[in-house]
Amino acid sequence: MLRVGVVVVAYQSADTLEHCLKSVVEQSVPNIEIVVSVIDNSADASTASLCAQVEVPYQLPATNLGFAAACNLAVASLHVDWILLLNPDAWLNA
C-alpha cells in the first residue's frame, strides 16, 4: 500500500480549512493510505477544534515558524512514500 502524507499549514484559516480537510479525509483511493498533518502557525483555537472534529492530527508550534519550517515539522512526523503540500484554501476534488 502506498502512503501519501498531506501537509496543511494553517494561519488564521479556519473558515477555509474545514472544506480542505473534509475533502482530504473523505478521499477513498484503492491501495493508497492518506495521512494528514496540520501545523497551525496562528494558535487559533477554532483550528484545533476543527482538526479534532475531523480527527486530523494537529500541531501547534511555540511560535509562527513560517510556511517552509512548518512543512518540515509536519514531514518529520510522517512516515510516508509521498508528500502533498496543500494550502488550507484548496481542496481535493474526487
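The side chains of lysine 22 and glutamate 18 are joined by a salt bridge, with an N to O distance of 2.9 Å. This structure is a predicted model. Both residues belong to helix α1 (residues 14-25), where they stand four residues apart, so about one helical turn separates them. Side chains of opposite charge can pair when their charged atoms come close.

Lysine 22 is partly exposed, its relative accessible area being 34%. Glutamate 18 is likewise classed as partly exposed, at 31% relative accessibility.

Two salt bridges are found when the whole structure is searched.

Glutamate 33 has a relative accessible area of 32% and is partly exposed. Arginine 3, with a relative accessible area of 26%, is also partly exposed.

## A nonpolar surface patch

On the surface, a nonpolar patch is formed by Phe67, Val75, Ile83 and Leu85, which together have about 320 Å² of accessible area. Two elements, α3 (67-77) and β4 (82-85), each give two or more residues to this patch.

One of the patch residues, isoleucine 83, is located in strand β4. Isoleucine 83 counts as partly exposed because its relative accessibility is 36%, which lies between the limits of 20% for buried and 50% for exposed residues.

Terms used:
Residues are numbered from 1 along each chain as its sequence is written. This is a predicted model: local features need pLDDT of at least 70, side-chain atom pairs count only at pLDDT 80 or more; totals for chains, interfaces and linings use all residues. Side-chain values use heavy atoms; hydrogens and water are left out. A salt bridge is a side-chain nitrogen of Lys or Arg within 4 Å of a carboxyl oxygen of Asp or Glu. Buried means under 20% relative accessible area, exposed over 50%, partly exposed in between (1.4 Å probe, protein chains only). Patches are made of residues with over 30% relative accessible area and no salt bridge: like charges are joined within 9 Å, nonpolar side chains (Val, Leu, Ile, Met, Phe, Trp, Tyr) within 5 Å. Accessible areas come from the Shrake-Rupley method with a 1.4 Å probe; for residues, only the protein chains shown count as cover.
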